[in-house]
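User: I am new to reading protein models and would like to work through this one step by step. Could you show it to me before I ask about its parts?

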Amino acid sequence: MTEALDVLCREAGVTWQYRDGAGRPQEAPPESRIAVLAAMGLPAQTEEQAAETLAALSARKDGRIVAPWLVVDAAEPVRIPLGRDEPVEWRLALEDGETRQGEACGQLDAGLLEAGRHVLEVGGQATVLLSAPRQLPLPARGWGVTLPLYGLRPEGGGEIGTYGDLERAGTALAAHGASFVGINPVHAGFPHDPSNYSPYAPSSRRRLNTNLIETGAEPKSADGGLIDYNAALRSKTAALKALYAAIPGDPAFQAFVDADGRKLREFAVHQALSETFGPYWTDWPREFQSPQASAVGEFANANPELVRYHMWLQWRAEAQLSRAQLAARDAGMRHGLYLDLAVGTHPAGAETWADAEMFASGISLGAPPDAFSAEGQVWGVSPFCPRALVDNAFDVLAETLREQFKFSGMLRIDHILGFERAFWCPEDLPGVYVAMPKAAMLAVLRIEASRAGAFVVGEDLGNIPDELRSDLAASGILGCRVAMFERDWDGDRGFKPGDRYDSNVLSSFASHDLPTWRGWRSGLDIAWRNRIGDLDEAAAREERERRRWDVHSFDAASGGDGSVERMHAFLAGVPSCLVALQVEDVLGVGEQANLPGTQFEHPNWRRRLPVSASGLATDERFRTTAGIMAESSR
């Protein structure tokens, strides 16, 4: 089984032969390709079936008058070649409800189109016209702080930092001159599973994490360094239910429900079902595993108050996050909140329940083998299916982005390589690359960012094709540069001097997946890897020796003396338009937030900060840091 399968894979954008992150050739077996094609709705179990699917795919492609999607410049009149001489009727449905129609021969002149997603019908075939600004503007030179929201010491009671604490932190940092405050994703999670608290494996990226609501009704947390999520969620749930029961009807809440309509109710029904049958819909009785099932409607009708409660939670979360953004901007913070969009969604969460056809079932996103992970990585999150994105006119992508921009002036796109190609891992099989509609996805991103007046940062670390970085720059999307990785990898591995950093990027020393400044210099991450068995003693000694050389090399390149102040001065002076400082580095914290490749072996996403959000305003270390930034005109 080769020829038809090979051609079908190429037509579907599946790459099974590639070089991994360490430069080694890899080839996925036919079983991997068959599983990936099946997840895309392209059956290929046998050579004959692959040939039939290929024929149907080719016929659909050959019969088109216009491509399934086109990106057009919002500043230029739209002219579309039709590829046939006889007259054809066309109809254009604009996003704002206006329609245009006519007859064309050879070329269709649609005129100027407002930025947006419009649907053109030609000869009974639909084409998505993505009218987008050519390039987003770049932000002014500035600096900001990234921090773990969950790790802010809750000033309104409870165990976990809240949206209220974020408001306090933003106001405090604005007073120091920071232009943004960055946090990990605040997508809806699994409030009924206290063991699933990673912000990067959410239940829904179109809803908010209700565990972060400030209630003002929870007891003060114990003064420990680690969050106990079992206790935290018990306390939070009890406080929220008591608060809901005590508050009479609010016209603002009803207006929120009316405005969000069916989709809000559908999400609330999912949450109510989760509270009844367990957090993961794949474990529910079969009759509840589709939102269209009659049993689901009957359940919702029988439990109206429970459904209403979960809509109310989203209202409270949105109100508090909106208030945090408004307070930061009012305090003088140029961009306010810098939110983070996770690369995928949990395969048994609300998103995949509501829109199962949009995601590749039985597939996890991941990464191929590299120098740090010989077996590659499987992240346990479901990817968008590229064919479904097109068929859906990119509605779900646009909606997902819009939900982030509602509350932020900046947005980070986690693993933006996924806009070009995604590494799909079938269960228990080697992974393959799947091409994504990059130009269309970037256009949707530009449309939504320009509407919100927001800036975008694409996390472009790792094995990134040069053409993707060029496309990001052409779109006005900032890249990421992490000082820890800005090195002469083809030479002596030495660190780049500051004047060689790119300008159209956000630069930082590290990230939540990497050791802090103090932890990096002392090798705390190496000690952890040794402790949990990832590195034996010999390998750990080798890593420690390499780290000592790295520390010396960075100090030489940065003119540093080992102090965090000198490192921050180095970052302040690089050409990058934005610089992000980690709160852990300013406060001298040694341990990192997350150790990739671990779940419970390391206390990921559980560490509390040593200072309260309000305390950041008067902390002398932040005053010193702000002065360093000001000296470099940030």
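User: Which residue in β8 does V78 stand opposite?
Analyst: This is a predicted model, in which residues are numbered from 1 along each chain as its sequence is written, and in which side-chain values use heavy atoms, with hydrogens and water left out. Local features need pLDDT of at least 70 and side-chain atom pairs count only at pLDDT 80 or more, whereas totals for chains, interfaces and linings use all residues. Strand β5 and strand β8 (residues 107-111) run antiparallel and are joined by four bridges; helices (H or I, at least four residues) and strands (E, at least two) are DSSP runs numbered from the N terminus, and two strands pair if DSSP finds at least two bridges between them. Across this pairing, the residue that V78 faces in β8 is G111.

User: Which residues form the covered face of strand β5?
Analyst: Buried means under 20% relative accessible area, exposed over 50%, and partly exposed in between, using a 1.4 Å probe and protein chains only. Strand β5 covers residues 78-81, and its uncovered face holds R79 and P81. The covered face is made of V78 and I80.

User: How many of the residues in strand β10 are buried?
Analyst: Strand β10 (residues 125-132) pairs in the parallel sense with strand β4 (residues 69-73) over five bridges, and in that pairing L70 stands opposite L129. Strand β9 (residues 116-122) pairs with β10 in the antiparallel sense over seven bridges, with V122 opposite Q125. β10 is mostly covered, and the count of buried residues among its eight is six.

User: Which residue in the turn between β9 and β10 has a positive phi?
Analyst: The strands β9 and β10 form a hairpin, and two residues lie between them. A phi of about 60° is found in that turn, and the residue that has it is G123.

User: Is the crossing of α1 and α2 left-handed or right-handed?
Analyst: A crossing is left-handed if the near helix is turned anticlockwise from the far one by less than a right angle, and right-handed if clockwise. By this rule the crossing of α1 and α2 is left-handed.

User: Which strands are at the edges of the open sheet of five strands?
Analyst: This sheet has antiparallel pairing in the order β1-β20-β19-β16-β17, and within it two bridges join β16 (residues 363-367) to β17, where A367 stands opposite Q377. Each edge strand pairs on one side only, and these strands are β1 (14-15) and β17 (377-378).

User: What is the average twist in the open sheet of eight strands?
Analyst: The eight strands have the order β21-β18-β15-β12-β11-β24-β23-β22, with parallel pairing, and the edge strands are β21 (455-458) and β22 (479-482). From one strand to the next, the twist averages 25°.

User: At what angle do helix α6 and helix α8 pack?
Analyst: Helix α6 (residues 251-277) and helix α8 (residues 304-330) have their axes 7 Å apart, and α6 passes α8 in a right-handed crossing. Their packing angle is about 120°.

User: Why is helix α11 described as largely enclosed?
Analyst: Helix α11 spans residues 395-405, and its buried residues include V396, L401 and F405. It is largely enclosed by the rest of the structure because the buried share of its eleven residues is nine.

Notes: Axes are lines fitted to C-alpha atoms, for helices over the stretch in contact, and angles run from 0 to 180 degrees between N-to-C directions.
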